[in-house]
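These are my notebook entries on one structure. I set down what I looked up, item by item.

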Amino acid sequence: MKRAELLQRMVGTGVIAVIRSETPAKALKTVEALVAGGITGIELTFSVPHASRVIEQVVDRYEGTNIVVGAGTVLDVTSARLAIMAGAKFIVSPTFSKEVAFLCNLYQVPYVPGVYTPNEAQQALEYGAELVKLFPGKLAGPMVIDEFHGPFPYLNVMPSGGVNVANLVDWFAAGAKVVAVGGDLLEPAKHDDYAAVTAKATEYIAKWREWQQN
């Protein structure tokens, strides 16, 4: 039941913020700004220096809250295990790895591998993935989810790449369970404008909640 509960929490965030920062300090400030804007899904990527330590700090800080912290850009078993030991509640990869899938199954942590083709989607399903990352979403477009649902009507999809406020509803209308957002949401953090990050986060969550009510 642990994995199912974690997956439900992850999907329930609506919007997962994908954090790529040059330093751990900037990553932590970005998380604070996102949370202030209402974002509850945090994906700290392994492109952040000392990523596992940052994950542990964020997990500790928001223990007992509705903030769900996971790890992204996980390319190998070592990184996956470090993330899980640091408290990551989900693991996201740009591609599929059966070794990472086995590890996540062992620890009952949701594994969200990147897929772009039906063959990749089927492979992910065969190894127990209950949610897949459509990547790069910018190239695929929202309507590809409907195409995937032809042969795989039970496939749960999280688009990543190309998701923004303007097309957020399009992705959910096409069948996305949750969306992952990086560049558009976090661009102001590159210039240390964390107030703008909070404002953008508020805009994303407002748009998602508006979709839920319709």
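**Basis.** I worked on a predicted model, in which local features need pLDDT of at least 70 and side-chain atom pairs count only at pLDDT 80 or more, while totals for chains, interfaces and linings use all residues. Residues are numbered from 1 along each chain as its sequence is written, and side-chain values use heavy atoms, with hydrogens and water left out. I took helices (H or I, at least four residues) and strands (E, at least two) as DSSP runs, numbered from the N terminus.

**Entry 1: α2 and α11.** I looked up how helix α2 (residues 24-36) lies against helix α11 (residues 194-213): their axes come within 7 Å and cross at roughly 40°. Axes are lines fitted to C-alpha atoms, for helices over the stretch in contact, with angles from 0 to 180 degrees between N-to-C directions. That angle makes α2 oblique to α11; under 35 degrees counts as roughly parallel, over 145 as roughly antiparallel, 65 to 115 as roughly perpendicular and the rest as oblique. I noted the crossing as right-handed, the near helix being turned clockwise from the far one by less than a right angle. Lys26, Lys29, Thr30, Ala33, Leu34 and Ala36 of α2 contact Tyr194, Val197, Thr198 and Ala201 of α11 (heavy atoms within 4.5 Å). I sorted this contact into six nonpolar, two polar and two charged residues. Nonpolar covers Ala, Val, Leu, Ile, Met, Phe, Trp, Tyr, Cys and Pro, charged covers Asp, Glu, Lys and Arg, and the others, Gly among them, are polar.

**Entry 2: α2 and α3.** I found the axes of α2 and helix α3 (residues 51-61) to be 10 Å apart, at an angle of about 30°. The two helices are therefore roughly parallel to each other, and their crossing is right-handed. On α2, Pro24, Ala27, Leu28, Val31 and Glu32 meet Val54, Gln57, Val58 and Arg61 of α3. Six nonpolar residues, one polar and two charged form this contact.

**Entry 3: α5.** Which residues of helix α5 (residues 98-107) are buried? I listed Val100, Ala101, Leu103 and Cys104, where buried means under 20% relative accessible area and exposed over 50%, with partly exposed in between (1.4 Å probe, protein chains only). Their cover includes α4 (77-85), β4 (91-92) and β5 (111-112). Just after α5, I noted a positive phi of about 60° at Gln108.

**Entry 4: Gln8.** I located Gln8 in helix α1 (residues 2-12). Gln8 is exposed, with a relative accessible area of 60%.
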